[in-house]
Amino acid sequence: MDFSFNINFILMVFVHIGVCNSLITKGEFQYSIKNILNEPKFFLTVTLDVEYPGNVLHYMEAVCDTYQEFTNFSMTYFPKSMHFNGSYYVSAINGVEEVPGETYWELIEHTSGKQMQVGASHYKPRAGDHVAWNLTSLSAYQAQS
Ligand code: B12
């Protein structure tokens, strides 16, 4: 039995995984919170390093810990269902709460304006992204769907 082949193969797999991870983690993305609907209006953007394996919630905590303009956010946990694995629903950012039936915090790719198909627990920003929370009127959501 040639054990050296097996060991070389295993080493190659580890090196490959390492290189892929470092490629995924390298780079920056932009993160914004945007409320141009109601007072107090704001549009704040920061550039962050992609961290492996960071979801949007991870960065929301990090910006609140680091930048005083990003003050707080609120969320509710929805357990695993047929539509998603256990996830957090974000209901307020920087003290601006959604108004049920009227407005909600929408997670978008800012450059295209496209809505993310998953929420804060599951979207993992990648290098070059511009991820934004945008306070949106519910009528805009109904028009999209
Ligand atoms: C209605 C609806 C909404 C409404 C909810 C308020 C309302 N007026 O009812 C609004 C428009 C606000 C909304 C927002 C979002 N939604 Co929505 N929504 C739905 C929808 C069509 C029906 C939910 C429902 O009423 N179920 C029936 C009730 C009885 O069950 P329930 O458990 O109480 O439902 C609640 C939760 O579903 C919760 N909710 C709604 N959306 C989301 C998203 C996430 C990530 C979480 C944790 C909870 C949550 O609000 C519902 C009412 O309280 C589902 C599709 C579906 N078929 O389930 C998508 C759905 C749940 N939403 C989805 C998504 C992605 C979002 C957003 C992240 C979109 C975005 N990019 O902004 C945002 C949430 C952002 C945030 N602030 O955290 C996805 C989740 C997929 C996933 N794997 O994560 C679904 C499955 C649609 C899809 N793309 O397939 N949503």
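Guide: A residue is buried if 20 or more other C-beta atoms lie within 10 Å of its own, exposed if 12 or fewer do, and partly exposed in between, with C-beta atoms placed from the backbone. The model is predicted, so local features need pLDDT of at least 70 and side-chain atom pairs count only at pLDDT 80 or more, while totals for chains, interfaces and linings use all residues. Residues are numbered from 1 along each chain as its sequence is written.

Visitor: In what order do the elements of the protein chain run from the N terminus on?
Guide: Helices (H or I, at least four residues) and strands (E, at least two) are DSSP runs, numbered from the N terminus. The protein chain has three helices and eight strands. From the N terminus on, their order is α-β-β-α-β-β-β-β-β-β-α.

Visitor: What percentage of the residues of the protein chain count as buried?
Guide: The protein chain has 145 residues. The share of them that counts as buried is 18%.

Visitor: Which residues of helix 2 are exposed, on the face turned away from its buried side?
Guide: The buried residues of helix 2 (residues 56-66) are Val56, Tyr59 and Met60. They lie on the same side of helix 2 because they cover an arc of only 105° around the axis, the arc being that of the directions from the helix axis to the C-beta atoms. An α-helix has 3.6 residues a turn, so residues three or four places apart point the same way. The face turned away from that buried side carries Asp65 and Thr66.

Visitor: Which strands do the buried residues of helix 2 pack against?
Guide: Packing is judged by contact: two residues are in contact if their C-beta atoms, placed from the backbone, lie within 7 Å. By that rule, the buried residues of helix 2 pack against strand 1 (28-35), strand 2 (42-49), strand 3 (73-78), strand 6 (103-109) and strand 8 (130-137).

Visitor: What is the bridge partner of Glu28 in strand 2?
Guide: Strand 1 and strand 2 form a hairpin with six residues between them. The two strands run antiparallel and are joined by eight bridges. In strand 2, Glu28 has as its bridge partner Asp49.

Visitor: Which residues around the ligand come nearest?
Guide: A residue is near a molecule or strand if its C-beta atom, placed from the backbone, lies within 6 Å of it. Strand 4 (87-93), strand 6 and helix 3 (138-144) each supply at least two residues of the shell. Of the 20 residues around the ligand, those that come nearest are His83, Phe84, Ser87, Tyr104 and Gly119.

Notes. Two strands pair if DSSP finds at least two bridges between them.
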